[in-house]
Amino acid sequence: MTTLNPGMDAETFEQFIDQLQRYVRERLIPAEREIIEADEIPADIVQEMRDMGLFGLTVPEEFGGSGLSISQYARTVHTLSYAMPAFRSLVSINIGMFCSAIKNGGTDAQKAEWLPRIAAGEITSFGLTEPGAGSDAAGMQTMAVKTDKGWVLNGTKRYITNSPYAKVALIMARTSKDNQPKNAHVSAFIVPMDLPGISVGKSDKKMGQAGSQIADIILEDVLVPDDALLGGELGKGFIFAMKSLDNGRISVGSAATAYARRALDSAVRYATERKAFGEPIANFQLIQQMLAQSEIDIYAAETMMADVTRRADAGENVLRKAAAFKVFASEMCGRVVDNCVQVYGGAGYLAEYDAERFFRDARIYRIYEGTTQILQLQIAKHMLREFHAGA
Ligand SMILES: Cc1cc2nc3c(=O)[nH]c(=O)nc-3n(C[C@H](O)[C@H](O)[C@H](O)COP(=O)(O)OP(=O)(O)OC[C@H]3O[C@@H](n4cnc5c(N)ncnc54)[C@H](O)[C@@H]3O)c2cc1C
């Protein structure tokens with residue numbers, strides 16, 4: 001059972017959501033075109049996001065954050081993700097994996113040092129994936145070797161969100177080449193990005209999600225002190241990472257649900273403005289079918305979001321439901337953005353309109369934080385385990 005967290009008081013939270021909703025519509029969405037051009041969020045917006053406390057949403061209040069409950073966290077991510085995905089990406093590691101790992105697995109000294117810093121908006125990265133290890137995290141090759149002076153890290157982490165501007169990364173590394181028992185030798189290390197031996201590759205060119213950057217982190221004989229080991233204990237890295245997964249899946253599911261709503265709103269607007277055969281295309285029943293089916297899909301995802309987060313707040317183990325929500329919401333978002341392109345017709349294929357970038361941006365939701373296939377396997381594994389236990 002997780003510790004129950006009541007979160008921010010309801011009235012203050014609703015005011016915060018209202019304020020964020022206005023900020024998204026009046027400030028972030030109008031800035032999107034410029035961000036796509038520059039492939040970067042301008043510094044003044046990053047600072048405004050810090051000032052609004054968006055980097056510390058899940059950090060406990062005593063460490064300078066907002067201490068949101070899981071349902072409040074999901075609603076905040078959902079509100080923010082009506083805008084282009086780069087905004088969520090920028091804060092996602094701070095309020096997701098990094099915060100969870102330190103909060104749930106850090107020593108008192110690590111909490112005192114890092115939680116206030118991430119709440120204040122020092123940008124973080126999380127390094128699990130490697131050139132030879134994605135879904136198969138157990139294939140990880142990055143090594144941490146103990147010396148008199150601390151730990152020495154060597155390896156390459158791939159596709160790491162925020163790494164071009166992160167101040168600190170949580171790096172998963174193996175402390176023994178022995179892979180048995182599976183993942184038992186994977187630990188997590190808190191690694192400031194300005195240490196000698198760390199370099200960051202060129203930002204990768206991506207299909208979508210402009211303004212959010214990913215790159216390799218290369219570690220060559222990087223020396224970190226003993227107290228960089230998360231929780232001060234060997235072999236806990238993988239366990240901490242797994243414990244934080246629900247949080248990441250709820251975040252991606254909520255983001256995909258919100259972005260589908262954005263695409264549908266755009267499709268409805270276009271359908272009422274665009275005329276064919278002398279009338280708005282919204283009058284045609286085949287167009288209405290696409291709009292209605294998208295609405296049904298989004299409603300189902302919104303309902304799953306409310307249910308899984310309510311259960312998580314009540315202390316229920318939501319591993320299976322969080323995975324189900326992420327799979328459904330990300331696949332559903334794919335269908336909705338596809339309908340959006342179709343409603344736009346030829347204009348849906350042109351960069352001048354929004355539909356084609358919604359289509360490209362949404363694609364990654366089905367891949368990161370566990371691909372659809374890996375999550376389906378995980379859901380089935382739990383179902384079958386339960387069946388056999390009950391048989
Ligand atoms: C924009 C972006 C941001 C990212 N940010 C981060 C980050 O910040 N930190 C980080 O550590 N990683 C990050 N990643 C990496 C991401 O989590 C991985 O790409 C993802 O986990 C998939 O791993 P892979 O790319 O190695 O694919 P693979 O594991 O090679 O999978 C390829 C295909 O095979 C399927 N597959 C694999 N195994 C099985 C199986 N057993 N059964 C059925 N199908 C299977 C997969 O579903 C997929 O369709 C990011 C990636 C992108 C593109």
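Helix 4 gives five residues to the lining of the largest cavity, the most of any element. The model is a predicted one. A search of the whole structure finds two cavities of 30 Å³ or more, and the largest cavity has a volume of about 80 Å³.

**The largest cavity**

- The residues that line the largest cavity are Tyr73, Arg88, Ser92, Ile93, Gly96, Met97, Ser244, Asn247, Gly248, Ser251 and Glu369.
- Two elements, helix 4 (86-105) and helix 7 (245-273), each give two or more residues to this lining.
- Sorted by class, the lining of the largest cavity holds six polar, three nonpolar and two charged residues.

**The second largest pocket**

- The second largest pocket holds about 280 Å³ of space.
- Its lining is made of 16 residues, and those nearest the centre of the pocket are Glu113, Trp114, Arg117, Ile190 and Pro192.
- Helix 5 (108-119) and strand 5 (186-192) each supply at least two residues of the lining of this pocket.
- Helix 5 has the largest share of that lining, with five residues.
- By class, the lining of the second largest pocket has eight nonpolar, six charged and two polar residues.

**Helix 1 with helix 3**

- Helix 1 (residues 10-38) and helix 3 (residues 70-80) have axes that come within 9 Å and cross at roughly 20°.
- Angles under 35 degrees count as roughly parallel, and helix 1 and helix 3 are therefore roughly parallel to each other.
- Helix 1 and helix 3 make a right-handed crossing.
- On the side of helix 1, the contact is made by Phe13, Glu14, Phe16, Ile17, Leu20, Gln21, Val24 and Leu28. On the side of helix 3, Gln72, Arg75, Thr76, Thr79 and Leu80 take part.
- The contact of helix 1 with helix 3 comprises seven nonpolar, four polar and two charged residues.

**Helix 7 with helix 8**

- Helix 7, which also gives residues to the lining of the largest cavity, packs with helix 8 at an angle of about 155°, with their axes 10 Å apart.
- Helix 7 is therefore roughly antiparallel to helix 8, as angles over 145 degrees count as roughly antiparallel.
- The crossing of helix 7 and helix 8 is left-handed.
- From helix 7, the contact uses Ile250, Ser254, Thr257, Ala260, Arg261, Leu264, Ala267, Val268 and Ala271. From helix 8, the residues are Ile287, Leu291, Ser294, Glu295, Ile298, Ala301, Glu302, Met305, Val308 and Thr309.
- By class, the contact of helix 7 with helix 8 has 12 nonpolar, four polar and three charged residues.

**Helix 8 with helix 9**

- Helix 8 (residues 285-313) also packs with helix 9 (residues 319-344), at an angle of about 160° and with the axes 9 Å apart.
- Helix 8 and helix 9 are therefore roughly antiparallel to each other.
- Helix 8 and helix 9 cross in a left-handed manner.
- The contact of helix 8 with helix 9 is made up of 17 nonpolar, five charged and three polar residues.

Conventions. Residues are numbered from 1 along each chain as its sequence is written. This is a predicted model: local features need pLDDT of at least 70, side-chain atom pairs count only at pLDDT 80 or more; totals for chains, interfaces and linings use all residues. Side-chain values use heavy atoms; hydrogens and water are left out. Axes are lines fitted to C-alpha atoms, for helices over the stretch in contact, and angles run from 0 to 180 degrees between N-to-C directions. Helices (H or I, at least four residues) and strands (E, at least two) are DSSP runs, numbered from the N terminus. Angles under 35 degrees count as roughly parallel, over 145 as roughly antiparallel, 65 to 115 as roughly perpendicular and the rest as oblique. A crossing is left-handed if the near helix is turned anticlockwise from the far one by less than a right angle, and right-handed if clockwise. Contact means heavy atoms within 4.5 Å. Ala, Val, Leu, Ile, Met, Phe, Trp, Tyr, Cys and Pro count as nonpolar, Asp, Glu, Lys and Arg as charged, and the others, Gly among them, as polar. On a 1 Å grid over the protein atoms alone, a cavity is a set of points where a 1.4 Å probe fits but cannot get out, and a pocket is an open set with protein on both sides within 12 Å along at least five of seven lines; lining residues have an atom within 4 Å of a point. Grid points are joined across faces, edges and corners, and a volume is the space filled by probe spheres set on the points.
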